[in-house]
Amino acid sequence: MSKPIKDKEKATQIIAERLIQASVALENDVFKDLNTNPQGLTETEAKKRLEQHGKNQIAHDKPPAWYIQLLNCFKNPFILILLSLAAFSYFMDDDIEAVITISTMVTISIIITFTQEFRSARTAEKLKAMVKTTSSVSRQVERKEIDMEQLVPGDIIHLSAGDMVPADVRLIASKDLHVGESALTGEAMPVEKMDTLPRGALKLAKKQQKPINPLELNNMCYMGTNIISGSATAVVIATGTNTYFGSMADTLIGEPPLTSFDKGVKSITFILIRFMLIMVPVIFLINGFTKGDWWEALLFGLSVAVGLTPEMLPVVVAGNLAKGAAKMAQNKVVVKRLSAIQNFGAMDILCTDKTGTITQDKIILEKHLDVQGKEDNRVLEYAYLNSYHQTGLKNLLDIAVLEHAEINHVVGVEEKYTKIDEIPFDFNRRRMSVVLEAGGNGHTLICKGAMEEVLGICTHVSNNGQIVPLTAEITERVQLLVNNMNTDGLRVLAVAIKHTEARDEAYGLKDEKDLILVGYLAFLDPPKETAKTAIRALKENGVEVKVITGDNAAVTRKVCKDVGIKVGDILIGSSIDALTDEQLAEIAKKTTVFAKVNPLQKARIVRILKSKGHTVGFMGDGINDTISLKEADVGISVDTAVDIAKESADIILLEKSLMVLEQGVIQGRITFGNMIKYIKMTVSSNFGNVFSVLVSSAFLPFLPMLSIHLLIQNLLYDVSQLSIPWDRMDKEYLRKPQTWDAKSVSRFMVFIGPISSIFDITTYALMWYVFSANSVDHQSLFQSGWFIEGLLSQTLIVHMIRTEKIPFIQSTASAPVVLLTSLIMVIGICIPFTSFGAGVGLMPLPMSYFPWLVATLLSYCVLTQLIKKWYIRKFGDWL
């Protein structure tokens, strides 16, 4: 296998020189240099070259080696704090018990975080592998689709609208080819390419006495760019890291931008660290002054620091994302970027195309009519010849024409004609033409496309076999007939022709004029049976569906009404350009259907909706959807989409259905809900614990718990949190989009945290007055009482916070959460009665303590529930 050149500047220079040489060489010399021919390589030769050059891959964000991933787990600030505390305990106090406890906490966190992140990275790679990008290649005349990674230098490939250019290639034939090179140059406008030698670029370089810029070579296309319109045949010059794109790959890879949730978690992390840095010294000073034992006060303060450290945060986040991605994959939703799961759950507007999403992916040609509205096989014949001979992107309409022609025995008529030329489809003209010759009787241009666009270039009509001028009266009659068909839900294309004398000059856009309208094709695009149910389900779950389509308003209105979308005024693409952003934002807020829009208008609508605070998803599968897929918060495509659409999407649906999408949205909200659940539990619990410790430090003649007690309690609490990714969410929570709200987290901490402190203080009073644990000699009994109450109240908070409802009665946690929290509570109660408990300074509690404990915990649950109800009424949210 040939290795990529290591020196970046040298590599780029060599690659540029190679591309220039391939560009300026004659076609036969290029074939000779690559040892290939216009028929393509043999499979044997291609296999040999694949071994020599390697797969057609560039550097990308691959999961790091397992040992690097393991070391990265130690970079978490909370883990570093715990390790520092463990080292301090060992070297300064020789406290082996504290070291073992802290090390156990760190080990559990590291192992589970590493396992979850390792599995999620591998899962993401496997999911991405499910979505394949293919290339059309000729291997010894036979034309077939192969995995893009299997391409080798010397392969002959075929490009059409919607394709990604899979390698650096030299054009050997092209037709009206326009390429999007923004990935390489940043230039938004497409560049025209042609199979002629780049004399213009050579002259300009010579005149300016500058080296030739490879990107200015008009007969070269580059990996990473995409075909906007037209078609071409090309020979592969370079693949993988030896491409121009591959030479810059190391500058294109790196960490993806942080989502709002990532930023929120980061901010909470540093809030807790700052909180710790303030409170631990305060607790140390209070205990030092009141107890007189500064060393013990220091150890206690450090143990409080451990208690304030939410070392399970990376575990819970990684576990939730991994589980969410795996669950979504089971529902036929492939997550290319794990962080997109959060935006998926937050989505409140879904913009989608009409065809294949709310309608069936099977379009049927219902009618082929002349201008009078009568069935006419001649119209079908012309349409068939157009669809049969086009080499560009065959869409569902072309497939419907070809199938209908077979049923009507039109197939075979193509044998009478020879193809001369083609004017490919593009999304601005919305039509395409082929030029044919039959028996030396001149050329016939056959044009098929959108009604308005084709009608605009016609000057005559074929009326009962006679060619007559296209008058205003005929135009009005044509439009009335088409409008009636549109109102019935039929999509109408026009078919027009033009007879010319034979010529050698190539045909282009200038030839699409003075055409003769011969008739119409009426297609039925029936709604999916599941569309109405899915749209209703999305609406019930707080997601508004907006349809953005290039189709006309009448057809779109009929289809949208059939599937239950309320259609008011439809905004037409031609009206959008006249609106300011503010005007469009106001109209877009109320509008559910946008018709006859072009790709840039689609993207503008998405951008405007985002600017008004919405989390916008966009679902599309065509080249005209690419800009919008990148613009949206969540780009959603399908595995049958064109290459560039799949590359631009965050999420790929293995089934083109809104029902699958709705299930994915719900799973995204479950994932987000379980993560926010842990964060709110942690911040409120930590805030309450610090408040309790401050009170006890100020008034007790001894420490409320030894440092080892705090460490054991924190370890057990951490273990109880490990099941959170497997918890369920209330249906009410899942019915509305969920977004990160930093104010909500801070408010929750301040209002809910102190509740546990109230019952910690009542437990102090209980142990002090009822059980007479009010001296240094009886501190072990006091500490044992608070150890159990503190652990059980902390563990119970899981069930109190996880739902807005009454826990255990109206909403029960999942079995893993119930079992693990119950197990931890039992272990916590048993520890003071064991030799291990005696070894760390705890002692058995009298049986009379436990009725008090039950009363305390019940009171705690009741008060929390009452404050919860008040909190929800006042602030309108809980999780």
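L41 sits in the loop that links α2 (27-34) to α3 (43-53); helices (H or I, at least four residues) and strands (E, at least two) are DSSP runs, numbered from the N terminus. The model is predicted, so local features need pLDDT of at least 70 and side-chain atom pairs count only at pLDDT 80 or more, while totals for chains, interfaces and linings use all residues. Residues are numbered from 1 along each chain as its sequence is written, and side-chain values use heavy atoms, with hydrogens and water left out.

With a relative accessibility of 3%, L41 is buried, a term for under 20% relative accessible area, against over 50% for exposed and partly exposed in between (1.4 Å probe, protein chains only). Leaving aside residues up to four places away in sequence, L41 touches several others, among them A46, R49, V152 and P153. Contact here means heavy atoms within 4.5 Å. L41 and V137 are 96 residues apart in sequence, and their C-alpha atoms are 9.6 Å apart in space.

The chain as a whole has 33 helices and 23 strands. Of its 879 residues, 55% are buried. Among contacts between residues at least 6 apart in sequence, 75% join residues at least 24 apart.

Helix α26 (residues 658-699) packs with α29 (residues 742-770), and its axis also crosses that of α13 (residues 313-330). Axes are lines fitted to C-alpha atoms, for helices over the stretch in contact, and angles run from 0 to 180 degrees between N-to-C directions.

| Helix pair | Angle | Axes |
|---|---|---|
| α26 and α29 | about 45 degrees | 7 Å apart |
| α13 and α26 | roughly 170 degrees | within 10 Å |

The pair α26 and α29 is therefore oblique, and α13 and α26 are roughly antiparallel. Angles under 35 degrees count as roughly parallel, over 145 as roughly antiparallel, 65 to 115 as roughly perpendicular and the rest as oblique.

The contact of α26 with α29 holds 15 nonpolar, eight polar and two charged residues. In the other pair, residues of α13 including L313, V316 and K327 meet residues of α26 including G664, Q667 and Y678. That contact of α13 with α26 has eight nonpolar, six polar and one charged residues. Ala, Val, Leu, Ile, Met, Phe, Trp, Tyr, Cys and Pro count as nonpolar, Asp, Glu, Lys and Arg as charged, and the others, Gly among them, as polar.

The structure has zero disulfides, a disulfide being a pair of cysteine sulfur atoms within 2.5 Å. C351 is buried at 0% relative accessible area, and C861 is buried at 17%.
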